[in-house]
Amino acid sequence: MYKTVSSSSSASSILRAAAASSSSYHRARFFSPSLSRSFVASSSPPKHSPSLPAYRSLNFSSAVRSVRFSPPRWSHGVDWRSPISLRSHVRAVAPVIERFHRKIATMASENPFKANLTSLPKVGGGEFGKFYSLPSFNDPRIEKLPYSIRILLESAIRNCDNFQVKKEDVEKIIDWEKSSPKQVEIPFKPARVLLQDFTGVPAVVDLACMRDAMNELGSDSNKINPLVPVDLVIDHSVQVDVARSENAVQANMDLEFHRNKERFAFLKWGSTAFRNMLVVPPGSGIVHQVNLEYLGRVVFNNDGILYPDSVVGTDSHTTMIDGLGVAGWGVGGIEAEAAMLGQPMSMVLPGVVGFKLSGKLHNGVTATDLVLTVTQMLRKHGVVGKFVEFYGDGMGKLSLADRATIANMSPEYGATMGFFPVDHVTLQYLKLTGRSDETVEMIEAYLRANKLFVDYNEPQQERVYSSYLQLDLADVEPCVSGPKRPHDRVPLKEMKSDWHSCLDNKVGFKGFAIPKDVQDKVVKFSFHGQPAELKHGSVVIAAITSCTNTSNPSVMLGAGLVAKKACELGLQVKPWVKTSLAPGSGVVTKYLLQSGLQKYFNQQGFNIVGYGCTTCIGNSGDLDESVASAITENDIVAAAVLSGNRNFEGRVHPLTRANYLASPPLVVAYALAGTVDIDFDKEPIGTGKDGNSVYFRDIWPSTEEIAEVVQSCVLPEMFKSTYEAITKGNPMWNQLSVPTTTLYSWDSDSTYIHEPPYFKGMTLDPPGAHGVKDAYCLLNFGDSITTDHISPAGSIHKDSPTAKYLLNRGVDRKDFNSYGSRRGNDEVMARGTFANIRIVNKLLSGEVGPKTVHIPTGEKLSVFDAATAAGQDTIILAGAEYGSGSSRDWAAKGPMLLGVKAVIAKSFERIHRSNLVGMGIIPLCFKSGEDADTLGLTGHERFTIDLPSKISEIRPGQDVTVTTDNGKSFTCVVRFDTEVELAYFSHGGILPYVIRNLTKQ
């Protein structure tokens, strides 16, 4: 982004601000018709900026930055092995972009570090290309930098033009050891942007709406085009409607297309209407597994310039790619849109926690056990806003897939990244997944030459970290996490006692408050003519799901071996347990078939149901009516066990109050046991066909057994053939016809895609800063309110305001689909805000559910109805970790649509805070040691927030005074963290900021 605010405004604010986007309801409450400060959104990346492969590459010369665009594609063609090698016809550069590049050429100087551009020779002669050499600086400070910080440094050096990225920024990063504690701001330009369809649809809606706004302001709508490569993988729409069937994949895909045809057609339109956008069709896999196995480059070679791959994504688990040595993390949707439009992201230079691994895992301990242990340790240590970098002798004992599992759960332990520098293990994985020998040779040569490669066979240069942690892998033991949070780890040997404690404890993260006299009750019912029974702790969903684990052959094949041993001993999962297997790519199916283990999965009911996120994101589908009735009519605390990464209350399924994260083998084991109320060490799982008791140890495979199957059944050819096929789409996708227009024709009757009113009546003048006066409190929360609470992605409750809206528009209940699938319609999402059925609002005095008390009448209403009835501004009170969980921009868009002007919390999750800023909502933090309770705030007061009316009088992180109508006064910290975020606030959000500046070009 152009630094029109101050020299320090650079990178992460754009990322953070990008979270504001498509929503429309309550017209008066959207972006104000005026919004502030100028910036150039179509800015071309500087010379040798990160870009995607040549088939849609951005290619920059020193004076005039010319951009080559390929026709938007959803299928690659030509060379399947690496997106880098793909080619397509070059699309003509739009005249407006040419004019813009000429303008940039006059404003930005040539790279001041061109003398550091160094040749990288090939062993047999010639060169791979040139690179900006870190060793050529001869600066001892660089030698001590963490590898993750070196990637930020290389990017700043390569993109330095003393305009968007300045020499002072480079010096800040070199001096990281001293500068990072000062919370200095730096720019970062990622190589590419990654989307999934739940976040991709609203992003494309925003881009389409921005084009309309440009037209209405008399400017050129073609200025709204991605200038960096964008990959969008459709993986969030498939639901487990059909399970335990050989035909489940096709049946669920048929239903997926039936429900989402309009959304899919919209995305396909976007891939043709916008340049540089690749859409991977439904049924291909999970975005992060596809990124790991296929899209990740590790090193780019763009027109002879070599540099590290990097990516930001609109899904918080983008961090999975960190396991491959690629710097990547999740951002808000609007931040991503700004990055698409060529803006550097403004970010605070992070501290880095050094996490030393030693030893090796014991026999039978899985990567899932390890990541749940690491998550608990890092959550306790406190790593929000920081990088975590793993190192030590234990690294050699972890496969790349194990590392990716740990990196995947960075959001659960709170870090921006969980980074594993490239080493020999990485190179082996690249070869396994079909990257060519020449590509791997180039990657290794570049990373070694630029001091970005770790060779554990050589003496290690001591690196400096902000803080340190250490784990002996031998100390990791089998475990699960739950019943309501990913970092509430429970050792397997303590599971039974922990479960009984949860039944006893008062309602909370570790409690259900079930009276002693009913804890042992058994509910008998008929399941399709068979006698069945449930009790507290009965497993009703057992799902092998999520890229966290399905990307790891060891745990997947380990689960297959558990199923095989159980079949051979005569054990069988009860038919009322909803079992499912949803791989993250077709590679998994190939090695399960190769190993002969898929048939045992099928015998236990774990038939493949689709290739997508499914149960991990709440797309678990309905439970059988008989099971659902048994749960609801008898107030049973039913359990789900899944190999996912999130288990927040209400996320997995509305009827499973207890949700445990576990490794795939443990998912099978708990499905067989039928309950979480079991001590696997002492109690049998069931009775075998010979009449003898079968114990956990009888079905659990050894590490050696698993390794043997992995070695013989996971082959490079499987990756090659899978990703050859992925580019060809499927018949249903290929048959979608879409218009060729560059402006979208909005359908007012659509319940999926709706034109948001963000920019209606927008003027060229920004509204400026503002405080809040006499606002009512809409909701009063405690700690750990997640984005799932704020904006659920799962099913739409039949009695909700959203259901009424859809029914009134002729949508049958069976076609409601999910909130996540309807994120392209602001009318739906406004009604779905705070609609989680497990949300706890203090205004309701202990009652659980998506309602609130309308202030001042005292009437109990749905949150949506209360917000619309308020007729004036509102605020939200919250505890610690407000907005934790998925990087969900609708968790900020929705409150904005409901008229929320500020959130006052003890602390915020990183991405959500920036999303609030991006939507023009003021984030405020109580002073340390204070919260709503200690200050005696009930939520029945009226709140006034005293902010200056001139943006120049507000400083990042300054104190502000909040007063109430009953005479209370307290001080909060305003969480605008950078100057750029203040500019967004002055404009009413990041997107208006982008539009106003584009019109000035």
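Helices (H or I, at least four residues) and strands (E, at least two) are DSSP runs, numbered from the N terminus. Welcome to this predicted model, where local features need pLDDT of at least 70, side-chain atom pairs count only at pLDDT 80 or more, and totals for chains, interfaces and linings use all residues. Residues are numbered from 1 along each chain as its sequence is written, and side-chain values use heavy atoms, leaving out hydrogens and water.

**View 1. The whole chain, before we zoom in.** Of its 1001 residues, 67% are buried, meaning under 20% relative accessible area (1.4 Å probe, protein chains only).

**View 2. Thr 833 in its loop.** Thr 833 sits in the loop that runs between helix 29 (826-832) and strand 27 (851-854). With a relative accessible area of 2%, Thr 833 is buried.

**View 3. The surroundings of Thr 833.** The side chain of Thr 833 reaches the backbone oxygen of Met 829 at 2.8 Å. Setting aside neighbours within four places in sequence, Thr 833 is in contact with Ile 790, Val 863, Gly 894, Pro 895 and Leu 898; contact here means heavy atoms within 4.5 Å.

**View 4. Cysteines without a bridge.** The structure holds zero disulfides, a disulfide being a pair of cysteine sulfur atoms within 2.5 Å. Cys 972 is in no disulfide, and the nearest cysteine sulfur, that of Cys 925, lies 8.0 Å away. Cys 972 is buried, its relative accessible area being 0%. Cys 209 also counts as buried, at 3% relative accessibility.

Note on methods. Buried < 20%, exposed > 50% of the residue type's maximum accessible area, 1.4 Å probe, protein only. Polar contact = N/O pair within 3.5 Å; in protein donor to acceptor, adjacent residues only side chain to side chain.
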